[in-house]
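Visitor: I would like a close look at one part of this model. Please take me through the ligand site and then the sheet beside it in the account.

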Amino acid sequence: MSADSRLLPSYADLSIASPAERRSFNALVDALRDAQEAVTRSRPSESAARRAAALLSEAAELLGEGVPDSEQLAGRLWDEPGRAQALAPPLYIDDVDGTSARGRVTFSRFHAGVRTVHGGALPLVFDEIMGRLATTSGKPFARTAHLTIDYRAGVPVDTEVEVFARVKRVEGRKLFLSSELCLDGTVLTECQGLWVQIREDPR
Ligand SMILES: CCCCCCCC(=O)SCCNC(=O)CCNC(=O)[C@H](O)C(C)(C)COP(=O)(O)OP(=O)(O)OC[C@H]1O[C@@H](n2cnc3c(N)ncnc32)[C@H](O)[C@@H]1OP(=O)(O)O
């Protein structure tokens, strides 16, 4: 396991997978990320594109229809960067306490729009770090209710950027958070978010 339990949400279930299952599933998700990036970067010949498509289809067929979402591992290996899901780029959360969080992320061309990171990909990272902050340090389960993004400057691909988040105030079940994505001390993108602690835990 790669993170200490202070960095994990209060509802994280670390017993969901054995160490061996965790390693092999993580390797599968890493390979999926590599495939996404390789397809994005490629300009294959017709035959290479057909062959690659057949291999990817074969992999999907091998995995079959899957298990109910309550049993899936994707998105639930909380102590792994990216939680073993390929939707968002893997976020390395270095620190979380009751009021702030700090992490690092590198977007690749898969998440690019025109030369810079796609505007729809950036909220994925804000939702991850603010979601972690909103639900760590014993806080109950909360859902994203509102996000506002300010795109100050383009975010480069293939470059590690820092992400910071903090709790600005709490009003009953409502947590008002803010977050910034920075490169060399310059804020590139800012996000304001509202998380609402739900009345009943749905899990
Ligand atoms: C580590 C984790 C990483 C991953 C984190 C991922 C987190 C997510 O992405 S969750 C998925 C995306 N979000 C959702 O699907 C949420 C969908 N919405 C909902 O489930 C509900 O609307 C929910 C839970 C946000 C609020 O529902 P409910 O508890 O019934 O709220 P309700 O009682 O109406 O309102 C509570 C308060 O919040 C306010 N509020 C609710 N929604 C909003 C909103 N969108 N904007 C502003 N205020 C809002 C209400 O005005 C009310 O305020 P007050 O108490 O001052 O009157």
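Which of the 17 residues around the ligand come nearest?

Guide: This is a predicted model. Asp127, Thr144, Arg173, Lys174 and Arg199 come nearest among the 17 residues around the ligand.

The side chain of Arg173 has an N or O atom 2.8 Å from an oxygen atom of the ligand. Lys174 also reaches a ligand oxygen: a polar atom of its side chain lies 2.8 Å away. Ala145 uses its backbone instead. One of its backbone N or O atoms is 2.9 Å from a ligand nitrogen. So the distances of 2.8 Å for Arg173, 2.8 Å for Lys174 and 2.9 Å for Ala145 count as polar contacts, because the cut-off for a pair of N or O atoms is 3.5 Å.

Now the cover. On its own, the ligand exposes 1100 Å². The protein buries 52% of that area. By class, the shell holds eight charged residues, six nonpolar and three polar.

Next, the record. An unreviewed UniProt entry lists residues 116–185 as "domain: Thioesterase". In the model, that span is 46% strand and 20% helix. Its end C-alpha atoms lie 18 Å apart.

Then the sheet. Six strands form an open sheet with antiparallel pairing. Their order is S1-S2-S4-S5-S6-S3. Strand S1 (91–96) and S3 sit at the edges, each pairing on one side only. From one strand to the next, the twist averages 20 degrees. As a general point, strands of a sheet pair through backbone hydrogen bonds, either parallel or antiparallel.

Walk across from S1. It pairs with strand S2 (residues 100–106) in the antiparallel sense, over five bridges. Three residues lie between S1 and S2, and the two strands make a hairpin. Within this pair, Val96 has Ala101 in S2 as its bridge partner. Ala101 also has a bridge partner in S4, namely Ala165. S2 and S4 run antiparallel and are joined by seven bridges.

Move on to S4 and S5. Strand S4 (residues 160–171) runs antiparallel to strand S5 (residues 174–183), with nine bridges between them. Val167 has Leu177 in S5 as its bridge partner. Val170 stands opposite Leu175, again in S5. S4 and S5 form a hairpin with two residues between them. Gly172 is in the turn, with a positive phi of about 60 degrees.

Lys174, which has a polar side-chain atom 2.8 Å from a ligand oxygen, falls within the residue range of S5, 174–183. Arg173 and Lys174 are both among the residues that come nearest to the ligand.

Notes
Residues are numbered from 1 along each chain as its sequence is written. This is a predicted model: local features need pLDDT of at least 70, side-chain atom pairs count only at pLDDT 80 or more; totals for chains, interfaces and linings use all residues. Side-chain values use heavy atoms; hydrogens and water are left out. A residue is near a molecule or strand if one of its heavy atoms lies within 4 Å of it. A polar contact is a pair of N or O atoms within 3.5 Å; within protein, one must be able to donate a hydrogen and the other to accept it, and residues adjacent in sequence count only if both atoms are side-chain atoms. Accessible areas come from the Shrake-Rupley method with a 1.4 Å probe; for residues, only the protein chains shown count as cover. Ala, Val, Leu, Ile, Met, Phe, Trp, Tyr, Cys and Pro count as nonpolar, Asp, Glu, Lys and Arg as charged, and the others, Gly among them, as polar. UniProt positions are given in the numbering used here, feature names are shortened, and annotations may be inferred rather than shown by experiment. Helices (H or I, at least four residues) and strands (E, at least two) are DSSP runs, numbered from the N terminus. Two strands pair if DSSP finds at least two bridges between them. Axes are lines fitted to C-alpha atoms, for helices over the stretch in contact, and angles run from 0 to 180 degrees between N-to-C directions.
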